[in-house]
Amino acid sequence: YQRRVHGPYEAGLIKVEASSIKRGDPREVVDCDFVEQVFFTDNIPYSWVSIDFGNYRIKPNYYSFAHRSGGDRGVNYFMRSWELHASVDGKEWVCIKKHENDQSLSPMSQCAAWPIDNTELDYYRFIRVVIDQEGNSKRTSALVLSCFEIYGDWMFDMSNLKSKKKKKKKKSTLR
């Protein structure tokens, strides 16, 4: 008997969105299998991918992602210059990590991790990766990444659940 372990996307715990989609599916950004997935955006300056943690909040201290290269898809557009943003509400964003000409990812090193050194961070619902203009190794703005993981202190936000329960109670008393 073999049971497939589902990630947070398949379990409905998070949502993933992108500014555009050239190839793949945004959920491949958080897929930890790193087998065949290749997600990338159109070649548009400041393309982004965001993750909504729903009822969870994170105070991040480290993150990682991977990049496939070569193979039949031949996507060698390694991230070089980008920013990691965080938001409480998905509208106002703060830059929590900036990379300029980062050489961590390459055909020989397809996974990398980075510390988030800002100790004055809050707990956030949304995380977003934004590529700079001409921010990959081919000097385009296509954002290519997969296997995104973020680490830190997590908490569950029950305020959203309480408001849903109140709404349900109001509806049931009107009958």
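Modeller: Buried here means under 20% relative accessible area, exposed means over 50%, and partly exposed lies in between. Please keep in mind that this is a predicted model.

Colleague: Understood. Is Asp-52 buried or exposed, then?

Modeller: Asp-52 has a relative accessible area of 12%. That value is under 20%, so Asp-52 counts as buried.

Colleague: Which side chain does Asp-52 meet in a salt bridge?

Modeller: That of Arg-125, with 2.7 Å from N to O. Arg-125 sits in the loop between S6 and S7, whereas Asp-52 belongs to strand S2, so the pair ties together parts that are 73 residues apart in sequence.

Colleague: Is Arg-125 buried or partly exposed?

Modeller: Arg-125 is partly exposed, because its relative accessibility is 24%, which falls between the two cut-offs.

Colleague: How many salt bridges are there by this rule?

Modeller: The count comes to five. Another one of them joins the side chains of Arg-57 and Asp-157, also at 2.7 Å from N to O. Arg-57 is in strand S3 and Asp-157 is in the loop between S8 and helix H1 (159–173), so this pair ties together parts that are 100 residues apart in sequence. Both Arg-57 and Asp-157 are buried.

Colleague: Which residue forms a salt bridge with Glu-134?

Modeller: Arg-139 does, and the closest N and O atoms are 3.1 Å apart. Glu-134 counts as partly exposed because its relative accessibility is 37%, while Arg-139 counts as exposed at 57%.

Colleague: What about Asn-101: what is its phi near, and where is its place?

Modeller: Asn-101 has a positive phi near 50° and is likewise not a glycine. Its place is in the loop between S5 and strand S6 (111–115). Asn-101 counts as exposed because its relative accessibility is 52%.

Colleague: Changing topic to the sheet. What is the order of its five strands?

Modeller: The sheet is open, with the order S1-S2-S7-S4-S5 and antiparallel pairing. Strand S1 (15–18) and strand S5 (94–99) form the edges, each pairing on one side only. On average, neighbouring strands of this sheet are turned by 15° against each other, direction ignored.

Colleague: Over how many bridges does S4 pair with S7, and over how many with S5?

Modeller: Strand S4 (residues 82–87) pairs with strand S7 (residues 126–131) over six bridges in the antiparallel sense. In that pair, Ser-87 stands opposite Phe-126. S4 and S5 are also antiparallel and pair over five bridges, and there Trp-82 has His-99 as its bridge partner in S5.

Colleague: In the hairpin of S4 and S5, how many residues are between the strands?

Modeller: Six residues, and in this hairpin Gly-90 takes a positive phi near 80°.

Colleague: How many residues of S4 are buried?

Modeller: Six of its six residues are buried, and S4 is mostly covered. Trp-82, Leu-84 and Ala-86 point one way from S4, while Glu-83, His-85 and Ser-87 point the other way.

Colleague: Which residues is Tyr-63 in contact with, leaving aside its neighbours within four places in sequence?

Modeller: Among them are Trp-82 and Leu-84, as well as Lys-97 and His-99. The contacts of Tyr-63 also include Ala-112, Ala-113, Trp-114 and Ile-116, together with Phe-148, Glu-149, Ile-150 and Tyr-151.

Notes
Residues are numbered from 1 along each chain as its sequence is written. This is a predicted model: local features need pLDDT of at least 70, side-chain atom pairs count only at pLDDT 80 or more; totals for chains, interfaces and linings use all residues. Side-chain values use heavy atoms; hydrogens and water are left out. Two strands pair if DSSP finds at least two bridges between them. Helices (H or I, at least four residues) and strands (E, at least two) are DSSP runs, numbered from the N terminus. Axes are lines fitted to C-alpha atoms, for helices over the stretch in contact, and angles run from 0 to 180 degrees between N-to-C directions. Buried means under 20% relative accessible area, exposed over 50%, partly exposed in between (1.4 Å probe, protein chains only). Contact means heavy atoms within 4.5 Å. A salt bridge is a side-chain nitrogen of Lys or Arg within 4 Å of a carboxyl oxygen of Asp or Glu.
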